[in-house]
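Student: Could you walk me through this model? I'd like to begin with how the inside is packed.

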Amino acid sequence: MWFHKKIYASKLVTTKGESLQILNFGQYLETAGPDFFNAQIVIGNQKWAGNVEMHVKSSDWYLHHHEKDNAYNNVILHVVWEHDQEVFYSNDVEIPVLELKKSIDVNLLTKIDTLFASKSWINCEKQINMVSNLKLGIWKERLFFERLEEKSKFILEIFENQNRDWEATCFIVLAKNFGLNINGNSFLELFSKIPFSVIRKESGSCLNLEALFFGSGNFLNNNFEDNYAKELKEIWNYQKAKYKLLEDNTVSFQFYKLRPDNFPTIRIAQLSALMAKFPDIFIRIIEANDLEIYYKIFDVVVSKYWLNHFNFDKSTKNSNKRKLSREFIQLLIINTILPLKYVYVKQLGLDFDEDSLALIKEMKKERNSITSRFEEIGISNENAFDSQALLHLKQNYCNKNDCLKCSIGLDVLGKI
């Protein structure tokens, strides 16, 4: 209520009966310490600037041990639903209190109760069609960029861990997404441990990259029958000695319930082919702005061995379909390339370009249980831009019952 200023701002008084005027509600930073920073209020004839702390009951101040924390010494107002106890600073001066239950529109509370009492998939499922397409469109754009911001945190962490090397960062983020949901974390763990300087040196040969990647992932410890596997093992033993590398016995890869084309062996072979073809992959994907160009960049062919193998020493029917599918490439664009571009241009102090936004709107919508359900209740899901926005909406607002932080929720509350 405080965040959205949903209180009667006129004729406010503290629990001591002093007049209260709110000049600035403060900033909600969701960090340790008081809830709202840099608020400005007037109590009586005295103007105050400082922080605001929120509790359901004023006695929660002591329940949370704020009296022992110096970070709360600059609280200028204690905002509570119910005032049940006087609260004091560490110097025994009483803290001013505003009791909200006397300053809230009861009708609004009833509407919120009605919305939250729903047993539907999302709280506003029956009312969401009240929201105009214009408002939905504006909110979707905000949601899309919030999702980019969320993904950028992981990329920035990798960037710092890789000594601010963009090529290394790009490779590791790509590698994680080559592993998809099932093996993504295993790929991240494995490829983060291989020094990128070694990958750079070996990138002139797809065979050498395969030996490096499969060897590091502990795939080459068997006594193989196939000459290809034997050759990889020989190269890996040389690389191990040359670069002082070790097999990683701690990383495990899942094959169970995966389609063979998604086996980690195939994805590693494809990643090797990509890095051998484009050692400068980062610059290429940053400069590209056309979907067809991305399809060409990721149009790589695995070594002949993998055309009739999914695992070492186990041949299968020959296939020329070990290429990256367009659907998979679109996933890489959504989860790797656009977030990487977003972080990169922000680091340069530039804005995310319109071409990148147009690119994701050109891509096919994502089909999953969440986007399908939104479609069922009448929300448009026309392209990947819509899909990403809707996924973020469900995961970060609907699932958390954060309707008062959601543009849709606030609009619905104003109409019911």
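Student: Which residues have the most contacts inside the largest nonpolar core?
Tutor: In this predicted model, the largest nonpolar core has 86 residues, and F191, F298 and F312 have the most contacts inside it. A nonpolar core here is a set of buried Ala, Val, Leu, Ile, Met, Phe, Trp, Tyr and Cys residues joined through side-chain atoms within 4.5 Å, where buried means under 20% relative accessible area, exposed over 50% and partly exposed in between, with a 1.4 Å probe and protein chains only. Helix α12, residues 326-347, gives this core its largest share, 12 residues.

Student: And what does F312 touch?
Tutor: Not counting residues up to four places away in sequence, F312 touches F214, F219, L220, F224, Y228, A229, L232, Y305 and W306, a contact being heavy atoms within 4.5 Å.

Student: What does the second core include?
Tutor: That separate core has 25 residues, among them L108, W139, I370 and I379.

Student: OK, what about cut-offs and numbering?
Tutor: Residues are numbered from 1 along each chain as its sequence is written, and side-chain values use heavy atoms, with hydrogens and water left out. As the model is predicted, local features need pLDDT of at least 70 and side-chain atom pairs count only at pLDDT 80 or more, while totals for chains, interfaces and linings use all residues.

Student: Switching to overall shape, what is the radius of gyration?
Tutor: The protein has 28 Å, whereas a compact globule of 416 residues would have a value near 22 Å; the radius is taken over C-alpha atoms, and the globule rule is 2.2 Å times the number of residues to the power 0.38. Along its principal axes, the C-alpha trace spans about 90 × 50 × 40 Å.

Student: How many helices and strands?
Tutor: There are 16 helices and 9 strands, taken as DSSP runs numbered from the N terminus, with helices being H or I of at least four residues and strands E of at least two.

Student: Where is N218, and what is its phi?
Tutor: N218 sits in the loop between α7 (206-216) and α8 (227-243), and its phi is positive, about 70 degrees, although it is not a glycine. Its relative accessibility is 27%, so N218 counts as partly exposed.

Student: And R164?
Tutor: R164, also not a glycine, has a positive phi of about 60 degrees, and lies in the loop between α3 (133-161) and α4 (166-178). Because its relative accessible area is 44%, R164 is partly exposed.
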